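Q: Could you walk me through this structure, starting with the strands and then moving on to the aromatic rings?

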Amino acid sequence: MRHINFLAIATALFIFVTTPAFAGGVYLGGGLGNAYVEDSSGNPSGNSFDESSTAYRLFGGYRFDALPLISLSGELGYRDLGNPSAGGLGYEVTGFDYSALAGIAVGPVEVYARLGAVQYQLEKTSTGVTTEFDGTAPLYGIGASFKLFGLGVRAEYETMDIDELEKSDSIWVSVFYEFF
C-alpha cells in the first residue's frame, strides 16, 4: 500500500512538472545599471541632492507559464545603488527585494511589469556625519526581455518609494539563465 501511495505521488508530481500548462523554471541573473537619487532638505537629514551612480543587482526567481502568452514570475534579489556623491554629500542605498512580474510573451520577447517591495538600508553622509535609515519601500517598474535557449537579456526601469528620499529610480541591463 505504501508503494502505491508513493507511486501515485511521484506520478502526480511528474505530470505537474512536465505538463506544458505548468512549464516554467528557475532562473538566476545579475545586472548593471544607473541609479538616480534625488533628495531635498525637507526629508529627514536631507539636503538638496540630485546625482546618479553605477549600480548592480543579483536576482533569482521562478517563472510560471500557466497561460498562453501570459507569464508570471516570483523574484528575490539584492541591489546596491552605488555611492552617488557631490559637494560633501554622499548617499548609499542597498537592500533585498521581492517582487512579482507579470508580462506578455510572444516567442523569445517578453514585456512585463514589476510590483514588489525592497527592504532597504540608506546612509546619508553630510560633512563627515552619517545618518542611517532602514525600512520597507514599494518597488515597481517595467521592462522587456529577450531569451533564447535559456539565456536571456533584459532592460528595466524601476522606482523605489523610499520615505527619506525625494526620488530613487534605476535603469538596468541584466543577463539571466533559466534552467528549465
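**Strands and aromatic pairs**

A: Strand 2 and strand 3 form a hairpin with 2 residues between them, and L69 in the turn has a positive phi of about 70 degrees. Strands here are DSSP runs of E with at least two residues, numbered from the N terminus, and two strands pair if DSSP finds at least two bridges between them. This is a predicted model, in which local features need pLDDT of at least 70 and side-chain atom pairs count only at pLDDT 80 or more, while totals for chains, interfaces and linings use all residues. Residues are numbered from 1 along each chain as its sequence is written, and side-chain values use heavy atoms, with hydrogens and water left out.

Q: How many bridges join strand 2 to strand 3?

A: The two run antiparallel and are joined by 10 bridges; R57, for instance, has R79 in strand 3 as its bridge partner.

Q: And what about strand 3 and strand 5?

A: Those strands also run antiparallel, with 11 bridges between them, and Y78 stands opposite F96 in strand 5.

Q: Switching topic, how many aromatic pairs are there?

A: A search of the whole structure finds 7, where rings of Phe, Tyr and Trp (its six-membered ring) pair if their centres lie within 6.5 Å. The rings of Y27 and F176 have centres 6.1 Å apart and planes at 65 degrees, so this pair is edge-to-face (planes over 60 degrees apart; under 30 is stacked and the rest tilted).

Q: Is Y27 buried or exposed?

A: Y27 is buried, with a relative accessible area of 4%, where buried means under 20%, exposed over 50% and partly exposed in between, using a 1.4 Å probe and protein chains only.

Definitions and conventions
Helix = DSSP H or I, 4+ residues; strand = E, 2+ residues; numbered from the N terminus.
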